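Trainee: Could you walk me through one part of this model, the places where its pieces meet? Please take it step by step.

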Amino acid sequence: MSSIITANDGRDIMPGANAPENREYNMFIGPNHPGIEGNFALKLVVEGDTIVRAKTEAGFLHRGFEKLMEERLFIQNIAIVARICVPDPDPNEENYARAIETIANIEVPRRAQFIRVLVLELSRIGSHLFTFGGHAGTIGLYTLPNWSISDRDRVLELFEELTGGRVYHIYNMPGGVRRDLPSGFKQRVLDVMSYIEERLPEYDDIFFNNKILLNRAQGIGVLPKDKALEWGATGPDLRGAGFAHDVRKDDPYEVYGELEFEVPTGEASDAYSRLMVRRREIEQSISIVRQVLDKMPEGPVWNKQPNPLKWRVPAGDAYVRTESSKGEYAYYMVSDGGIRPYRVHVRGASVTHGVHILEHMLTGARIEDASQIMFSMDACPPEVDR
Amino acid sequence: MNAQTQAPTTSRPPAATGAPRMTEALVSAITAETGIATFRTKSPRRIEGTVQADALHSFAAALRSRVGFEHLSAISCVDWIAEGEFELVYHFWSYRDSHLVSARVRIPREPGSMATITDLWLPASFFERDIHEFYGVVFQGNTDLERYILSDWKGPPPMRKDFSSRDFAHEHFTFKDYEPTWDELIDGGYHGQKRQGEGSDE
Amino acid sequence: MAEKELTQRTAWDKVLANLRKRSLWMLHYCTGCGAVELPPTMTSRFDMERFGIMPMVTPRQADILLITGYLSVKTLKRVILIYEQMVAPKYVVGFGSCTINGGMYWNSYTTIKALDRYLPVEMYLAGCMPRPEAIISGFNSLIDKIGKGEANSWKDYYENYEFYKKNQDHVFGDIETHHDVPADGRYFGILEAKR
Amino acid sequence: MNSGIGLIVWIIAYPFVSFSLGVLLGGYGRKLTARIQRRVGPSWIQPFFDVVKLMSKKTNVSHGYMHDVAMMMLVGGTLLTMYFVPVPGFHYFSQFGDYIVIMYILLVPPLGMALGVGQTANPNGSIGIARALQMLAGYEVTFVLTFIGFAMKNGTTSMYELMMIQQSGGVATWGLVTNPLLGVAALFCLQGMMNEKPFEVVIAPHEIATGPMTEMGGKYLGMMFIQHLINLVVELTIYMNLFLGGATNWFEYVAKLFALFTLVMSVNAVYGRFRTDSALRFFWKLPLPMAALGVILIMINGI
C-alpha cells in the first residue's frame, strides 16, 4: 500500500528492522522523493527521528558510458561525454579532449585554451547557482530557487549563443574548440557577470544570512579535515573543511597557471561552511572570467584534425584531472592505436561524496537533515552511475 | 555578513621547485627497496610504473606513509583480452608535492583476483566494488563487494571486452521499427557484420 | 473506441474536462538527465504554474508521469510501480529522444529503447533535451487534448495489459507489481465494455 | 438573520461561502508567493481547479473503512468549527458554544487525520502526524494562554461578546492594541496553526514527502484540500475575532481576512522551515513567555 516503499522495490535491505520487538524501522528516501538530488536512493534505518544506519543505492542512471565509449569512434564520443554529469557537463568535455591531446600530443592554440577556461568557469557558476536552489529547497525556502535558477538561465543563454546548446555544449574538440566567440560576445559575458555579482548580495539577504538557514545548516553534516582527507573528499567539500586543495592551482591545466584567483576555504567543516565556499567560489569564477576575457589573445581556435571517421589516436594512456564544481574530475584513457578508445575510465567527483562519505555522515543525523546533508555535499548521481 | 563569510582565504603557494625531484627520488628508493621496476616521470607531475601484484599493497603503504600520497584518486581496470590479463591502474595523488603516481598491476584474467587496499584508503572501497561489478575481479579482503550499480543485472560483467553491449541490447530490448544504418560507413556496420557472421556459419 | 467516446460525451463531461485541464500535477521524479531542464521550466523565467502545472511529490497525488529521458532497466521497474499507483486518469509523457527510440543510447545495455512498449504514452516531447519552451508548448497541447477528451491512452493500459505485461516480463524476467491491473480495469468498466 | 428562514439559508449556504472564500484566499496566497518569487503565478482560483480535478479522479485502491471515516471526520470537524465561529451577520451557533468549545472541536480534524493516515502504514505519514502533534504542543498552550488572558480581561469566554467589546471603540479597543503582547504571541501561533513556514514541519516535502498527504490521492486528497481551504478561513477568522475586532460587515471581514493572510504568506515566502525541535524551542522561548507576561500583567492590573 505504501508508495515510497514499493517504489523502492520492497527489498528488506536492513535485516532486523521492522521487527515488532525492534524500535528501528526502515525508511526510504528516493528514488522518487523531492529531497533527493537526481535519481538516487537512500535506505535508512531510523529510530525515532535519528538515523541509525544509512546505505545509498545508485545505478538508476546507469547508461554504461564507459562501454558505449569503447564501441564508438573517438569523434562520436565527444557528443556523449557531456551527459555524464548533467548540471556541470563541461569538465567532461574538457577531460575527454585533453586526454586525447595528451596521448596524441596535439597542441591546443592559446586562444582556444582561454576559451575553454571561460566555458569551464561559466559552467561552474551555473552549477553552483543550481546547487543553491537545491539546497534552499531542502529547507523549504522556495524563493531562492526561483531566483537563482532563473539567473542561471542567463549563463545558459550565453552558452546557447556560443555553442548552440543550453545544457550540453559539445564544444571542446580535441585540438581546440569548435568555433570562435561570436562578435559582441565578450561584452554580453561581462554584462551577465556584473548582473550575477549584483544579485549575490540579494541572495545573502534572503538565503545565506537567513536565520533559519543558520539555525539549520550550522553544525550538521560535519566533515572534519582529517576525516575529509581519510575518506577522499575533494573540491568544495574538502575546502569547506579548511584544506585548500584545488586542481586548478596544484595541477594546473589550460591557462589556469597564468590566472590569479584565490581558493576559498571554510573553517567549521559543516554544511553551511561548504555552502559558503561555493558562494565565494562564484566570486572567484567571475574574476577568472574577467581576466580570461581581458587576456585572451587573437588567433586560431582549432588545430584541424584528420577525417573523423578514420581518425586514429596513437597507442598510449593518460590520466587527466579537472576541477569540476563538485570536486576532482578525472578521466583515464587508454588507446590501442585504433579508431575507438580502448578504455575510458570516468572518475566522477561524486563517487566519494555521494556514496561512502554520505553514508558516514548520515549515520547519527536526523531525518529532517538527511536531504540537506546530501545537497550540501553536492553529490551528482549521474557521475556515480555513469 | 557573518563570521563565516569572512573566514580567511588561503591561497596555497605552488609546490617548491625542488619537490618533484625529491618525490621522484623517493619513489625510486621505494621501488628499489621492494625490488620492483623503477618508475619514470612521464610528463610533469605524472610518474608511472609497474608493480607486481603481490607487492602492490606494501608499495602503496610505503607510498602513503613515506612520501605522503594521501589521496587515492582512482583505480582503473583495463581488459587486455588478447593477453588474457586485466591491468589495474592505481592513481595516487600527493597533496604535499602535487604529484600523481600511476602504479600498474597485471593480473591474470581468469581468475581475476587481487588484494584489497581498503585498509589503507577508504575510497578504494567504491572503486574495487565498481571493478568487481563491471569486470568480475575479486578483491581479497574487501567485505563490501555486494552489487551496487548493477543490482538488477543478470548478464556477465559488462565491461569485459567479450561482452557486446549492442548484441545484448538487441537481445533484450524491443526497438522501434527503424534502426540507424549510417554506421555501415565504418567497418560494415553492425548489421553488415552480423550478415557476414551468419553467412560464414552456413 | 476513442471516437465513439467523443460523441458520447455529455455536457457535464465537457465542463469537467475543461476544469480538469486547468490543474495538472506532475510527479516529481527525475528519471533521467532531462530533469535538469525542469527547474528552469518551473521557476520564475518560464513559470509552469501559470498553466496550473505543479510538481507533486508522491505517485498518488500526481496526474502526469514525466519520463525525463532515458530509462535504465532499474528505473523502469520503479516507474512501472509508480505508474500503477497513480490515480486515473493519468498521463505518461515521454520527454526527450531517448524515450522515443533510445536516442543516443541506442546501443546501451541498460536503457530501454521504446517507452511505449512498457507504458501507454500519451505524448512525446522530442529533442535532446527539449527546451523549456518546448516543454511548455508540449504541456499546452496536452491540456488541449484533455479539454477535448482525447487524452485516453491510460485506458489502453487496461485494454492491452497482456501486451505491456509481456514486454515488461521480457525485460525483467518476471515482475511483480503488487497491483491487480485487470481488477482495476473491471472497476473502471473498461474490461467489461470489451467483452 | 439569526432566526427563521434566514438562518436555514445561512446554515446551508455557509459551507459554500466559506469554501469560496477559501478558494480565493488560497489562490491569492499562491499568487502572492509567486509575485515575491518574481513569477506570474497560477490562476486566482487555482485551488478550485485543483479540488475539481482531485474529486473527479477515480481509484480502485482503498486503505480501509477507517480511512474513509477518518476523512469524513477531517472535513466534518472543520465544518463544525466553522459554524461556531461568528462572522458578520451569522453568530447563531456562537451563543451555544464559547471559545472553549471551539478549542475542543478544533482537535477533531487532526485526530481524523491521524486515524486516516495511520491506516496507510507509510512511515512518512506517521512521522508527519507525530510532527503535527508535536507542533500542537508548541502553539496550542500559548494560544490558549493568550485567550485566557484576553477572556480574563474582558470577563467573558464567548467569542461573539469579545468581538462586540472590541468593536465598541474602533481600532483603539482591538485586542492587538489593548494587549499587544498577547496579540503578537498569538500571531506566531497562527503561523504555526496554519502550517506555514517557518513552522511548516508537518508537510515538509523535502524531508518526509508531504507527510500525511503521502498516500492520499484522488478524492482523499481532494477532501484534504477542501478541509485546508475552509480551515484557512476558520483560523484567520478566529484570530481576527480575538485580536482584530472581528468585522461588522462583509466588506470589512474580507478586507481583514486578506490583509492578515498577506502577512502570513509574506513570512511564509521568505523563510525556510525550522527543524521540529527548533520550532518547539522557538515557541517555548518567545511566544510562550510573551503570552505568560501578558497574562501576568492583566492579573496585576486587575480587570
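Mentor: This is a predicted model, so keep that in mind as you look. Start where chains C and D meet. Here 20 residues of chain C are in contact with 28 residues of chain D. Two helices of chain C, α2 (11-20) and α9 (181-187), each supply at least two residues to the side that touches chain D. Sort that side of chain C by class, and you get eight nonpolar, five polar and seven charged residues.

Now turn to chain A. The domain assignment gives domain 1 (1-60 + 350-386) and domain 2 (65-348). Their C-alpha centres lie 28 Å apart. The domains touch: 24 residues of domain 1 of chain A are in contact with 30 residues of domain 2 of chain A. On the domain 1 side, α13 (350-362), α14 (367-377) and α15 (381-385) of chain A each supply at least two residues. Helix α13(A) gives the most, with eight residues. By class, this side of domain 1 has ten nonpolar, nine polar and five charged residues.

Next, find the sheet in chain A. Three strands form an open sheet, in the order β6-β7-β8, with antiparallel pairing. Strands β6 (316-323) and β8 (343-347) of chain A stand at the edges. Each has a single partner strand, so one side of each is left without a neighbour in the sheet. From one strand to the next, the twist averages 10°. What holds strands together in general? Strands of a sheet pair through backbone hydrogen bonds, either parallel or antiparallel.

Zoom in on one pair. Strand β7 (residues 328-335) of chain A pairs with β8(A) in the antiparallel sense, over five bridges. Check A:A330: this residue stands opposite A:R347 in β8(A). A helix joins the picture too. Helix α4 (residues 90-104) of chain A lies across β6 and β7 of chain A. That helix runs at about 145° to β6(A).

Last, see where chain A meets chain B. The contact takes 43 residues from chain A and 38 residues from chain B. Strands β7 and β8 of chain A come back here, each giving two or more residues to the side that touches chain B. So does α13 of chain A. The other elements that give two or more are α2 (65-70), α9 (225-230), α11 (247-250) and α12 (271-295) of chain A. By class, that side of chain A has 18 nonpolar, twelve polar and 13 charged residues.

How values were computed
Residues are numbered from 1 along each chain as its sequence is written. Chains are lettered from A and ligands numbered from 1 in the order in which they are written. This is a predicted model: local features need pLDDT of at least 70, side-chain atom pairs count only at pLDDT 80 or more; totals for chains, interfaces and linings use all residues. Two residues are in contact if their C-beta atoms, placed from the backbone, lie within 7 Å. Helices (H or I, at least four residues) and strands (E, at least two) are DSSP runs, numbered from the N terminus. Ala, Val, Leu, Ile, Met, Phe, Trp, Tyr, Cys and Pro count as nonpolar, Asp, Glu, Lys and Arg as charged, and the others, Gly among them, as polar. Two strands pair if DSSP finds at least two bridges between them. Axes are lines fitted to C-alpha atoms, for helices over the stretch in contact, and angles run from 0 to 180 degrees between N-to-C directions. Domain bounds come from an automatic or database domain assignment.
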